[in-house]
Amino acid sequence: MKRLITRKDLQNIKRDFRIMLPSRESVIQDDGISACAWVHKMKIEKDNLVLFYKRLVDPHPAVQNKHFMLVFVTHFQKSIFYPIGADGICVDSTHSISNYNFELVTMLVIDEYEEGIPVAFCISSSVSTVIFTHFFKCIKTTMSSSIIPKFFMSDDAVMFKNAMCLIHVPIIYNVLGM
């Protein structure tokens, strides 16, 4: 006979392991404050995921005040970037998937099975050569100063290629139309 877990089983596990779920009052409801709290929490962690964070109101010399930008990379992503990233770098962007019309830009490298593995993320309120140049600078500074991919692949937005060229990453072969 199959025995499925019941609500009572979950309550017993919660009680026995002293698992406390956050109350509705303790969860931050405002997305901006929640993102800011997460970034500040990451800054005190041993392996800080956040490479760059700029709220809409924060001044920055390269990114305009009216723009939001968050760049982050996990420890795993950093570790696989070096061995895999030499062959090629791909960049793709989701277009206006949130209520805020933010973009999620993902940098990927291609592994030996020709599978794309995400190595960095950028969430921004705008897409432009300036935004992508800053994103790529963050990656270049964190990962290595000598990134020389054999190919660079992006969608038809030429700003990706322009941004890569602005940070002086030589592109041997560029493929558009991902």
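The sulfur of C138 lies 8.0 Å from the closest cysteine sulfur, that of C122, too far for a bond. A disulfide here is a pair of cysteine sulfur atoms within 2.5 Å, and the structure holds zero of them. C122 is likewise in no disulfide, its nearest cysteine sulfur being that of C138. As a reminder, a disulfide is a covalent bond between the sulfur atoms of two cysteines.

Before going further, a word on the model: it is predicted, so local features need pLDDT of at least 70 and side-chain atom pairs count only at pLDDT 80 or more, while totals for chains, interfaces and linings use all residues. Residues are numbered from 1 along each chain as its sequence is written, and side-chain values use heavy atoms, with hydrogens and water left out.

Now for the overall picture. The chain has five helices and seven strands, where helices (H or I, at least four residues) and strands (E, at least two) are DSSP runs numbered from the N terminus. Starting at that end, the elements follow the order α-α-β-β-α-β-β-β-α-β-α-β. Of the 178 residues, 36% count as buried; buried means under 20% relative accessible area, exposed over 50% and partly exposed in between, with a 1.4 Å probe and protein chains only. Among contacts (heavy atoms within 4.5 Å) between residues at least 6 apart in sequence, 49% join residues at least 24 apart.

Here is how some individual residues compare with those cut-offs.

| Residue | Relative accessible area | Class |
|---|---|---|
| C122 | 0% | buried |
| C138 | 10% | buried |
| D155 | 11% | buried |
| V130 | 46% | partly exposed |
| E114 | 71% | exposed |

Let us turn to helix α4, residues 129-143. Its 15 residues reach 20 Å from the first C-alpha to the last, close to the 21 Å expected at 1.5 Å a residue; that expected span is 1.5 Å times one less than the number of residues. The buried residues of α4 are I131, F132, T133, H134, F135, F136, C138, I139, K140 and M143. V130 is also found in α4, and its C-alpha is 9.5 Å from that of L166, 36 residues away in sequence.

How do α4 and α5 cross? Their axes come within 8 Å and cross at roughly 50 degrees. The axes are lines fitted to C-alpha atoms over the stretch in contact, and angles run from 0 to 180 degrees between N-to-C directions. That angle makes α4 oblique to α5: under 35 degrees counts as roughly parallel, over 145 as roughly antiparallel, 65 to 115 as roughly perpendicular, and the rest as oblique. The contact is made by T129, F132, T133 and F136 of α4 with M159, F160, N162, A163, M164 and L166 of α5.

D155 sits in the loop between β6 (151-154) and α5 (158-166). Its C-alpha is separated by 6.4 Å from that of D92, 63 residues apart along the chain. E114 belongs to the loop between β4 (103-110) and β5 (116-124), and has a positive phi of about 60 degrees although it is not a glycine. Most residues other than glycine have a negative phi.
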